[in-house]
Amino acid sequence: MPQLPAPAYPDDVRARLETDAREVIARYPDSRSALLPLLHLVQSEEGYVSRTGMALCAELLGLTTAEVTAVATFYTMYRRKPSGDYQVGVCTNTLCAVMGGDAIFDRLKTHLGVGNDETTEDGKVTLEHIECNAACDFAPVVMVNWEFFDNQTPESATKLVDDLIAGRTVEPTRGAPICSYKETARILAGFPDERPGAVAASGGAGHASLAGLRLAKGEAAPGRRVVSQRRDVPAGRPHDPSPSEHLSSHDAPQQTSASDPDHPAGPAAEEGE
């Protein structure tokens with residue numbers, strides 16, 4: 001059904017948002033390239049991207065509201081309805097799910113009394129499942145307003161949301177201190193995080209993420225190499241493996257020690273031992 005035009009922002013709010021928007025637009029040679037940060041900007045005002053916010057973006061960028069809506073509904077970081085002060089996202093993609101992400105998500109739904117993409121009655125926490133937090137080496141991972149909480153358990157995640165609701169200080173595993181969802185949206189719009197020490201605390205990738213890079217640079221100990229345990233070949237002596245010994249991962253799957261107890265895998269030995 002046709003909708004009435006979106007209500008306008010109050011004059012003082014519009015003036016403030018327009019001033020900030022002009023600053024963002026000036027960063028780009030093509031004004032429409034500023035749409036993503038502008039959507040974060042209007043999200044920082046209401047905690048979600050409202051029809052009023054999309055109308056303002058369209059007006060300032062010379063776009064249609066349909067064009068703005070198409071972008072706002074494509075990216076999951078833009079909320080389409082009022083949400084909580086803290087966006088708690090639980091990764092339920094393959095690795096995190098196997099490591100306990102599904103159990104964490106189920107526990108939080110029960111504990112908070114909400115379902116996916118729902119907000120607690122006090123307006124503090126919005127819970128959602130995330131397809132991937134891009135932190136598989138720290139699985140299972142929970143994010144609060146896009147800051148990482150690594151290696152979580154149902155118990156630690158429950159304590160985390162309880163602390164958020166109670167207003168207690170919560171520190172991410174890595175990254176800047178937690179701020180409100182609206183404040184996070186303003187930072188994502190491209191405005192500086194002026195909290196003392198917040199930028200320095202942002203840091204970089206975690207140690208587990210950098211292990212492969214250190215190995216490639218020769219800064220880490222070499223990996224372990226599994227050598228043949230055949231009795232007719234001295235341990236550690238180089239030899240040409242037969243097809244049954246070292247098949248490519250693209251070949252037909254082979255029985256493993258777990259599924260073939262009559263042929264357990266031998267212990268791994270360091271090369272040369």
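Modeller: In helix α5, the buried residues are Cys96, Ala97, Gly100, Gly101, Ile104, Phe105, Leu108 and Leu112. Buried means under 20% relative accessible area, with a 1.4 Å probe and protein chains only. This is a predicted model, where local features need pLDDT of at least 70, side-chain atom pairs count only at pLDDT 80 or more, and totals for chains, interfaces and linings use all residues. Residues are numbered from 1 along each chain as its sequence is written, and side-chain values use heavy atoms, leaving out hydrogens and water.

An α-helix has 3.6 residues a turn, so residues three or four places apart point the same way.

What do the buried residues of α5 pack against? Their partners are β1, β3, β4 and α6 (154–166). Helices (H or I, at least four residues) and strands (E, at least two) are DSSP runs, numbered from the N terminus.

Now follow the helix along. α5 spans residues 94–112 and has a kink of about 75°, centred on glycine 100. The bend at a residue is the angle between axes fitted to the seven residues ending there and the seven starting there. Glycine 100 is also among the buried residues. Just after α5 comes glycine 113, with a positive phi of about 70°.

Three of the packing partners turn up again elsewhere. β1 (86–91), β3 (125–130) and β4 (142–144) each supply at least two residues to the lining of the largest cavity. β1 gives the largest share, three residues.

Definitions and conventions:
Buried < 20%, exposed > 50% of the residue type's maximum accessible area, 1.4 Å probe, protein only. Contact = heavy atoms within 4.5 Å.
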